[in-house]
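Dear colleague,

Please find below the sequence and the structure that I am handing over to you. My findings follow directly after them.

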Amino acid sequence: MTQYKSDFIRILAERGFINQCTDIEALDEKASKEVITAYIGFDCTATSLHIGSLLPIMLLRWLQKTGHKPVVLMGGGTTKVGDPSGKDAARPVMTDDFIATNMAGIKTVFDKYLQFGDGSTDALMVNNNDWLSDISYLDFLRDFGRHFTINRMMTFDSVKLRLDREQPLTFLEFNYMILQAYDYYELNKRLGLSLQMGGSDQWGNIINGVELTRRVSGNEVYGLTVPLLTTSTGQKMGKTHNGAVWLNDDMLSAYDFWQYWRNVSDADVGRFLRLFTELPLDEVAKLEALGGQELNEAKKILAHEVTKLCRGEQAAVDAAETARITFEEGALGKDLPTFEVPQSELESGIPAFDAMRRVELAKSGGEARRAIKGGGARLNDKAVGDENQLVTLADANADGLIKLSFGKKRHALIKPV
């Protein structure tokens, strides 16, 4: 492995963060001699980011931990356009109020990973709507549009993918890469940023920003991407069969978050420990070398370390204890997802398949029915033999709770109200 001078690039390389970089030797040299300021942009398309954004967030965290300054760019402006990268169709148009609500939700997660303030390496959060909303269209076309050629733009994956599939690409979306490039120029001018980072699907957009900044300002700037992660089964990170794995507490319980990491495939344990925790690499090597049942202990460590960063130490401890009680003692852990159901409905009874859907153990009644027919559904740890079996108040335990399970690892509680 190449011997890097800066702690930042060395750690990224050792832990598997680097996918592409415009000039890694020059960036490494710069990072070894001075504080570099770098940013990653996050569009506001939902009220929370999911774990697909966790790798870029960890990138910002390592940047700060190695003595540099991270900038979180909230895409209050670019969200109005919508990034076409990896999309088969245009995003729905979002109102300013909807974007503001999403932004407020997304902001909360960064306090867990970064130290914000006024110091030389303290993180900053900025909103690209602050400058994009003031752009004069004719002036922008004259001053910046001339630096982009349609020929070049047509070669980027975000455009080619849509056209190859004969899906429409609107002029609105076509402008996204220009606006993202302009963000880099504007941040370089305002804050002296010299590095933009992001997922590998953003490589073309990042290159545009690097080239625009060099042409307009003459400043040397860099781009770096992390791999676009999939699990060992080929599934995109951030999605499960039951929905997204959200980072915000109010979108997904700490227990469900912990369980996601506890249940990763054996082949993913070592890689995820390197990328999503701060455990020393020699400890990671020992953990990923474990086999059989011992590897389950490594998965518990992975779940604890990732949950500790995202949700706090106590949440990680509580989630582990809930899992222990649920699986080892067969009891009800206090942090299992709990859903309130009107007592009046339970008096007459709810069909088991519908109850499974309502507590989000199944996306639909059809999925719940299939689980029941396959023997994968349980009510208070007893197999549900009939999809129309009624879940009633009589099923509540001494604490007034009803436990539903889907498979061996997914559980939820019904609380009559």
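The notes below cover the sheet, a helix, the nonpolar cores and the salt bridges.

This is a predicted model, in which local features need pLDDT of at least 70 and side-chain atom pairs count only at pLDDT 80 or more, whereas totals for chains, interfaces and linings use all residues. Residues are numbered from 1 along each chain as its sequence is written, and side-chain values use heavy atoms, with hydrogens and water left out.

Sheet. Helices (H or I, at least four residues) and strands (E, at least two) are DSSP runs, numbered from the N terminus. Two strands are taken to pair if DSSP finds at least two bridges between them. On that basis, six strands form an open sheet with mixed pairing, in the order β1-β6-β5-β2-β3-β4. The edges are held by β1 (20-21) and β4 (124-127); each has a single partner strand, so one side of each is left without a neighbour in the sheet. Strands β5 (residues 195-199) and β6 (residues 222-226) run parallel and are joined by five bridges. Within this pair, M197 stands opposite L224 in β6. Helix α10 (residues 176-191) packs on the sheet and touches β2 (37-43), β3 (69-75), β4, β5 and β6, contact meaning heavy atoms within 4.5 Å. The direction of α10 makes about 145° with that of β2; axes are lines fitted to C-alpha atoms, for helices over the stretch in contact, and angles run from 0 to 180 degrees between N-to-C directions.

Helix α12. Residues are called buried under 20% relative accessible area, exposed over 50% and partly exposed in between (1.4 Å probe, protein chains only). Seven of the nine residues of helix α12 (residues 254-262) are buried, so this helix is largely enclosed by the rest of the structure. The buried residues of α12 are Y255, F257, W258, Q259, Y260, W261 and R262.

Nonpolar cores. A nonpolar core is a set of buried Ala, Val, Leu, Ile, Met, Phe, Trp, Tyr and Cys residues joined through side-chain atoms within 4.5 Å. The largest has 75 residues, and F110, M197, W261 and F276 are those with the most contacts inside it. Helix α3 (residues 54-65) supplies the largest share of this core, eight residues. F110 touches F42, L49, I57, V72, M74, F116 and M125, not counting residues up to four places away in sequence. Another core, of 29 residues, lies apart from the largest one; among its members are V81, M153, M177 and Y184.

Salt bridges. With a salt bridge defined as a side-chain nitrogen of Lys or Arg within 4 Å of a carboxyl oxygen of Asp or Glu, the count comes to 25. E29 pairs with K33, their closest N and O atoms being 2.7 Å apart. These two residues are four apart in helix α2 (residues 24-33) and are thus separated by about one helical turn. E29 is partly exposed at 24% relative accessible area, while K33 is exposed at 64%.

K112 forms a salt bridge with D249, with the closest N and O atoms 3.4 Å apart. This pair links distant parts of the chain: K112 is in helix α4 (residues 96-113) and D249 in the loop between β8 (243-244) and α12, 137 residues apart. Finally, E345, D354, R357 and R358 are linked in a network of salt bridges.

With kind regards
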